Amino acid sequence: MRQSRQQVQQGSAAVRAVRRRSQHLIEALRPPGIRPRQRPILPDRHVRLVDSPVFVISSQRSGSTLLRVLLNSHSQIRAPHELHLDSLQVQLGTDYAGEIMGELGLGRTTLEHLLWDRVLDHELSRSGKGIIVDKTPSNALIWPRISSAWPNARYLFLLRHPGSVLESVLNRHRDAERESAIQEVAEYVTGVEQARRNLTGLTLRYEDLTSEPERETKRICDYLGVSWEPGMLEYGRQEHGPFKPYFGDWSENIGSGRVQPSRPLPAAADIPEPLRPVTRAWGYLA
């Protein structure tokens, strides 16, 4: 039978009255001093499962995989293979999904940041450690977004002579066209330098890391607030996941399980013009 408008209104009033009485009973039974937890509504960038992750900002072929396995050998630091967070994207399946999420304060970028944060939290929880480090080279190209997503992030800027980076790229990819490789390296090292100028962090040199690994890993531990562990230098005794393309360096050097010396620096005359400004800024070129 169809209800009249008056009957519907009376029914709704009765439901509200029951809810009020129930709430009064709950409050009366609550121990003194205990109140319902109220989560503050804050901007997206302030709510993170992993509040202060560590990001390595470096070019490709700059020794970041070596840095990763040294750090991952620490009992409190989880440094997984490259995560490529920028490749994890949210796709809104309908035209109206964006508007719906917008009413929740969740734009597409914000949703992706939540996804990235959840991935870091998952890996950190799985490891049982307290600090997570992501060393994906493309971080050098998306550092503004990383710093927006994690205001409390920490950074390790890993430098390597740009000319050496170019040599390594060409040695690894022998079919690469030289001019294209030069432009790609220039883009990455410029991104690293821009990040150094805009973010606060610890600067390291690949050449120092290979020649003085104990000293440099101690500097990193001091920056991250953990005690240095000698086992960090014996990374070959621990499991670090696969060494293969898109996961990080897969060369014989990294597979040896030992820190290998870096190759001699290129002559100044051999440095291509597009790489010279950053090479000079990093102190490799007078």
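**Basis.** I am working with a predicted model, in which local features need pLDDT of at least 70 and side-chain atom pairs count only at pLDDT 80 or more, while totals for chains, interfaces and linings use all residues. Residues are numbered from 1 along each chain as its sequence is written, and side-chain values use heavy atoms, with hydrogens and water left out.

**Whole chain.** I looked up eleven helices and five strands, taken as DSSP runs numbered from the N terminus (helices H or I, at least four residues; strands E, at least two). Of the 286 residues in the chain, 41% are buried, where buried means under 20% relative accessible area, exposed over 50% and partly exposed in between, with a 1.4 Å probe and protein chains only. Among contacts (heavy atoms within 4.5 Å) with a separation of 6 or more, 78% join residues 24 or more positions apart.

**Cores.** I then asked which residues have the most contacts inside the largest nonpolar core. That core has 38 residues, and the ones in question are Phe-55, Ile-57, Leu-120, Trp-150 and Tyr-155; a nonpolar core is here a set of buried Ala, Val, Leu, Ile, Met, Phe, Trp, Tyr and Cys residues joined through side-chain atoms within 4.5 Å. At least two residues of this core come from each of β1 (54-58), α4 (108-127), α5 (143-149), β4 (154-159), α6 (162-172) and α7 (178-198), and α7 gives the largest share, eight residues. A second, separate core has 23 residues, including Val-56, Leu-156, Leu-209 and Val-226. Ile-57, with neighbours within four places in sequence left aside, has contacts that include Trp-143, Tyr-155, Leu-156, Val-192 and Ala-195.

**Helix α2.** I noted that nine of the nine residues of α2 (residues 64-72) are buried, among them Arg-68 and Asn-72.

**α6 against α7.** The axes of these two helices come within 10 Å and cross at roughly 135 degrees, the axes being lines fitted to C-alpha atoms over the stretch in contact, with angles from 0 to 180 degrees between N-to-C directions. That makes α6 oblique to α7, since angles under 35 degrees count as roughly parallel, over 145 as roughly antiparallel, 65 to 115 as roughly perpendicular and the rest as oblique. On the α6 side I listed Pro-162, Val-165, Leu-166, Val-169 and Leu-170, which meet Arg-178, Ala-181, Ile-182, Val-185 and Val-189 in α7.

**Single residues.** Is Ser-164 buried or exposed? Ser-164, which is found in α6, is buried, with a relative accessible area of 1%, and beyond four places in sequence it touches Arg-263, Leu-265 and Pro-266. Glu-193 lies in α7 and is buried as well, with a relative accessible area of 9%. Leaving aside neighbours within four places in sequence, I found Glu-193 in contact with Ala-281 and Trp-282; Glu-193 and Ala-140 are 53 residues apart in sequence and 8.7 Å apart in space, C-alpha to C-alpha.

**Backbone.** Most residues other than glycine have a negative phi. Arg-61, in the loop between β1 and α2, has a positive phi of about 55 degrees. His-84, in the loop between β2 (77-78) and α3 (97-103), has a positive phi of about 50 degrees and counts as partly exposed at 23% relative accessibility.
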